[in-house]
Every structure is written in C-alpha cells, then in structure tokens.
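Have the sequence and the model open as you read.

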Amino acid sequence: MTLEWGYKRAFLRCALLFVVGTTLQLAIGDIDTSWLRHPWGLILAVNYLYLLVVAYVLRDRWRWLRQLGDDKACLSSLAAFGVMVIIFGLTRQDPAREGWVGAMGFSRMTSSWPFNLLLFYFTTTLGVRVVSDIHHLRQRRMATVLTHLAVFVLLVVGMFGSGDTVRCMVTARVGVPVNAGRDDAGHTVTLPFAMTLDDFSIEEYPSKLYLLDTRRESSSREFLSVEADGAEAVIDGWRICAEHSVDMAGHIPGESDWRAMKHVGAAPAVYVTAERVATGERFSGWVSCGSHIFEPSYLMLPDGMAVAMPRREAKRYLSRVDIMEEDGVRRDVEIEVNHPARVGSWRIYQVGYDTSKGRWSDTSVLECIRDPWYGAAHVALWMLLAAGVVMFVTAGGRRIGGKEVKR
C-alpha cells in the first residue's frame, strides 16, 4: 500500500522539524524554560490560544493554515511525537550523559529542541482541531470532542506551566520542625508552612530465606517466605525449614542465640534447620538480617553455602506529620505512598526513609510540590473519564435529529 502524497508531505514536515530541532540542539544546547514563570507562562498560553482561533478563522485564506488542522497533519504529528515519546521512555534520563545520545538531547528529553518542537507542532494541530470541534459541536461526537479537548489542555499545561512548578525534597526527623527543602539544583526552597514528624511506621513483608553461595557471592533464585513457624521449601538440593521465628529479637555480643527483645534496633530472626536432600545431613542455627545495632547472622553449610536473610521489604509505610500553616492553623495528617497531603496549592508526597534503620527509622523523606496549573490538569483528566463514559453509553455515535452522526 503506497502512501498518498498528502501524507508524505505531512511526514516530511515532521522530519524537517526534527532536523531543525537537532540542529538547534547541537548549536545552542538545551532549552531554558526557567523564565516560563508567572505571569509569563499564563500570558503566552492566552496568546497561544488566541492565535489558534485566528488560524482557524483565516484557514480559507491561506492553504498552509488549512492544512495545519487536517487529518494528515494531525496523524503525522501524532506519529512523530509518539516516536519521540518512545525514545524518551527507552533512554535513561541523565543530564551528565555524554556521547551522541547526550549531544542529541535524548538524555534530557524534556529540555531538548527536537522533542519540544514536535510537541509544539502536535499540540498546535490538535488545538486547531479542537477549535473546529467546538465550532461544529452539533456535528461532532461528544466523546471525540471531550477527548481532543482534554488531551489539548494537558499538553498546554505541560508546556506553559512547567516553569511554575516548584518541587523540593524535605528530610523530616521526629520532633524537629522543618520549613525548607532543597530542589534538584541544591537550592534552598522555603515553604509557607512548617512540618514536624510525629511518627513513622512501616508494614513489612514476611522474612525471606535464601541459599547463599559465599564463594561466588550469589544467592539462589528460589526463597522460603517465613509466613508461619514450620514453613519449609527445597532450594538447590537443601530442605530449608523455619522451625521458629521471632519478629523482634536481639542477641548478646558473643552469643549466637537470638531472643525476643522489644527494643530499638530489634530485628527479625528465624531458627532454621537445613537438610541436604541427597545425604540427610542436618544443620541448625539462627538466621537474621540484623539491624543498625545487631550484626546479621547466617547458618553456615558445607561447600561454602549458607542460609541468609536479606532486609525485609517495606509493604507500606507512612508518616504522621503535624503541619503548622502561616495563619497559625495546625492539623495532623498521614502521608503515605500514593496518598499525599495537601496544604493550599502544595502537595506533600512520601518518597523514602532511612533504609539503614528500616522499621526503626526516625527520618522520613518527603517531596513537596507546588503546581498552580494542577487544577486545569485535574479537570482535563475528569474530561477524559467523561469521554470514556459517553463513548460507552453512545456505543460509538449519537443521534441528532433522528440521524446517527459519526466522525
């Protein structure tokens, strides 16, 4: 199947934009979007929307304006931008990366010329199509209009609102108020509120036992999950049985036995029996991952093998934080992964903790983000949801005046 000349010309325009973007990238480097702060981002966005309306109104006077919003331009720009997004997803984003990948800007995609030119072109073609959809609203499927409009709003917010986004990392310690963080460049960002970490808690997965080859410094793929006493599994010719497990344990220096201990730094410990399936040899002893206070323990086996327990993985962790706002209002909030707290236009996300202390961590790492354009993006996402509902209800079309209209 041969491609029509109109589509060939549309894809050639995208290729030309990529070449121009690559040339600019090699000549002058990355795009600096730091100046797109309030009010300049909003001013540019308003003028951009006005120019889209003007381009649609004057489309009959100039052919290139008429071609800007046709199917060929929309599909070719979508395909070209989709290729850039795929490259974005497959390339590790590292500003310090060198070589041709770094020179082309692929390791700093969001600030590279090729990516942003194709993004701007796709957004423009989509914007003209949105103006056309609104102008001929009665002749369009509502699901199509909502989808086009929602995607367009998200793209406009991403382009013109990027300079207004402020994000910083805050390290909060129990009982210590903090009202500042650091951004990616290491600059101090003062927050309009103060946070005090009251408590940090972790829910962990059950302990896992692996067979460790100390000579090759490698571990088995299979493992035994110690969900209850008596759990056992055969791993690489050894039958591993968890005879007795203690969730919080410790041991006196010089002794190998672990005993129950409710104390800061207590670690999970399991009394393990390992039997070689081929010969029946049996070995027993305590195994523990240790903590920032206690050293880990291993059950040593013949031929350089050992039963080991890595640090338990966090299943869920949250921070209980006391927030003091500028107007003196205080409130207690719980912050966990995917459940941020909101303070005015700021959102506070749980991103980490002191992994060396694990469950005993008295430090929580929080990310504070302020995005004034978040409301518009939120509305756009709801519009996408509404488009899906309308598409499901209408089953691909809607009737106007007794006739089914599809497009």
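Buried means under 20% relative accessible area, exposed means over 50%, and partly exposed lies in between (1.4 Å probe, protein chains only). This is a predicted model, where local features need pLDDT of at least 70, side-chain atom pairs count only at pLDDT 80 or more, and totals for chains, interfaces and linings use all residues. Residues are numbered from 1 along each chain as its sequence is written, and side-chain values use heavy atoms, with hydrogens and water left out.

Cysteines come up here. A disulfide is a pair of cysteine sulfur atoms within 2.5 Å, and that rule gives a count of 0 disulfides.

| Cysteine | Relative accessible area |
|---|---|
| C241 | 12% |
| C289 | 8% |

Now for the cores. A nonpolar core is a set of buried Ala, Val, Leu, Ile, Met, Phe, Trp, Tyr and Cys residues joined through side-chain atoms within 4.5 Å. The largest one has 31 residues, and F152 and F160 have the most contacts inside it. Several helices (DSSP runs of H or I, at least four residues, numbered from the N terminus) each supply at least two of its residues, including helix 2 (40-57) and helix 7 (142-160). Helix 6 gives the most, with 9 residues.

Leaving aside residues up to four places away in sequence, F160 touches L36, G41, L44, A45, Y48 and W373; contact here means heavy atoms within 4.5 Å. There's also a second, separate core of 23 residues, with C168, M195, L197 and F200 among them.
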